[in-house]
Amino acid sequence: NSQVVMCSEMSERIRIRGLYMSEGLGEVMDILREDYPDPDVQRQIAVFNEELESDLTEAGCKGEEDAVDPFAAMYSLWETMQGSGLEKTLVEVFDRLFRIGIP
């Protein structure tokens, strides 16, 4: 979390989170959430998810409604990231999401 929130640019925060998630952080967080109920670990997981939601909202990927069309979210991220030099990283994140069945 510290490395991610130190970045002032939303695109950089998304890139770093994407790199972590592509290396299996989501699975590790699931295991930690379920098997290690340490309050500090649980808080860090919650903060990671809250900040991710905040960045997705800032990127225009979250609306007032509860459900978000995953393809609309991906398109919005792609539009935001084009020209940033991070396109390859975003495509790699999309590829990982498709491989694990999201969306």
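Here is a walk through a few helices of this structure and the charged pairs around them. Keep in mind that the model is predicted.

Let's start with two helices that pack together. Two packed helices are described by the angle between their axes and the distance between the axes. Here the pair is α3, covering residues 25-35, and α4, covering residues 39-58. Their axes come within 10 Å and cross at roughly 140°, which means α3 is oblique to α4. As for the hand of the crossing, α3 passes α4 in a left-handed way.

So who does the touching? On the α3 side you'll find L25, M29, L32 and R33, and they meet V41, Q42, I45, F48 and N49 of α4. Sort that contact by class and you get 6 nonpolar, 2 polar and 1 charged residues.

Besides its part in the contact with α4, R33 has a side chain that joins the side chain of D30 in a salt bridge, at 2.9 Å from N to O. Both residues sit in α3, 3 residues apart, or about one turn of the helix. D30 counts as partly exposed because its relative accessible area is 35%, and R33 is partly exposed too, at 36%.

That brings us to the charged pairs in general. Side chains of opposite charge can pair when their charged atoms come close. Search the whole structure and 6 salt bridges turn up. One of them ties R13 to E58, with 3.3 Å between N and O. Are its two ends buried or exposed? R13 is buried, because its relative accessibility of 10% falls under the 20% cut-off. E58 is exposed, because its 51% is over the 50% mark.

Another bridge joins E50 and R43, whose closest N and O atoms are 3.5 Å apart. E50 is partly exposed, with a relative accessible area of 43%, and R43 is partly exposed as well, at 44%.

Finally, have a look at L19, in helix α2, which spans residues 10-22. L19 is partly exposed, with a relative accessible area of 32%. Now find V93: L19 and V93 are 74 residues apart in sequence, yet their C-alpha atoms are 7.4 Å apart in space.

Note on methods: Residues numbered from 1 in each chain as written. Predicted model: local features only at pLDDT ≥ 70, side-chain atom pairs only at ≥ 80, totals over all residues. Heavy atoms only, no water. Axes fitted to C-alpha atoms, helices over the stretch in contact; angles between N-to-C directions. Helix = DSSP H or I, 4+ residues; strand = E, 2+ residues; numbered from the N terminus. Parallel < 35°, antiparallel > 145°, perpendicular 65-115°, else oblique. Left-handed = near helix turned anticlockwise from the far one by under 90°. Contact = heavy atoms within 4.5 Å. Nonpolar A, V, L, I, M, F, W, Y, C, P; charged D, E, K, R; others polar. Buried < 20%, exposed > 50% of the residue type's maximum accessible area, 1.4 Å probe, protein only. Salt bridge = Lys/Arg side-chain N within 4 Å of Asp/Glu carboxyl O.
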